[in-house]
Amino acid sequence: MISGRTSSTRGHLRRATGQIHAELHELPMLRALWSDAITGDQYKRALIVFQSIFRSIEDERLRYRKWAEFSLKSECSALLKDLGPGETCDMRITFHCENALLGGLYVAHGAAFGRAVFCQTVRTSLPASLQAFASLPISAERWQSLLTCLERKGRHPKARAQIVGGAKLTFSSVLRMAS
């Protein structure tokens, strides 16, 4: 099992992105996901941001023809099911290399843990809303496989910097869209 030890790529990612990650949790749009007072409009706005980010990362994964095992196709399909046609945003993330894309995949798959937390809020507060995305299960095996890949790729300083750059780009894109 890969630990969060300080010499690991994951530990490096956590330190390098900790501040922007914390900033995201302070955004009203994301804070609403953990509030019993969440409205349908707030939930829809959050889903639009997630759809844009996940679709963009998945498009980049397809462009690079890499990491089919880390596909976001299920997440993208669930988001479109919840939102319906025409309820998307065209913001795009472009990764300059496949290692940067891996950083984006790390952020997207890590978001599943937050999704697991807000899933209960949505079920309780918005029982009539579509919840395909919120109800997606977390794949511990896929997460562990992604962490193993990160550690393997991140052994080289240049690759590690590219992975961190991709994660920062993804977090900053979410921050920009959600503000």
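Tutor: The largest pocket has 29 lining residues, and His21, Val107, Gly110, Ala111 and Phe171 lie nearest its centre. This is a predicted model, in which local features need pLDDT of at least 70 and side-chain atom pairs count only at pLDDT 80 or more, while totals for chains, interfaces and linings use all residues. Residues are numbered from 1 along each chain as its sequence is written, and side-chain values use heavy atoms, without hydrogens and water.

A pocket here is an open set of points on a 1 Å grid over the protein atoms alone, with protein on both sides within 12 Å along at least five of seven lines; a cavity is a set where a 1.4 Å probe fits but cannot get out; lining residues have an atom within 4 Å of a point. The space in the largest pocket is about 580 Å³, a volume being the space filled by probe spheres set on the points, which are joined across faces, edges and corners.

Helix 1 (9–26), helix 3 (40–64), helix 5 and helix 7 (157–178) each give at least two residues to this lining, with the largest share, ten residues, coming from helix 5. Helices are DSSP runs (H or I, at least four residues) numbered from the N terminus. By class, the pocket lining holds 19 nonpolar, seven polar and three charged residues; Ala, Val, Leu, Ile, Met, Phe, Trp, Tyr, Cys and Pro count as nonpolar, Asp, Glu, Lys and Arg as charged, and the others, Gly among them, as polar.

Helix 5 (98–125) also lines the largest cavity, as does helix 6 (140–153), each with at least two residues.
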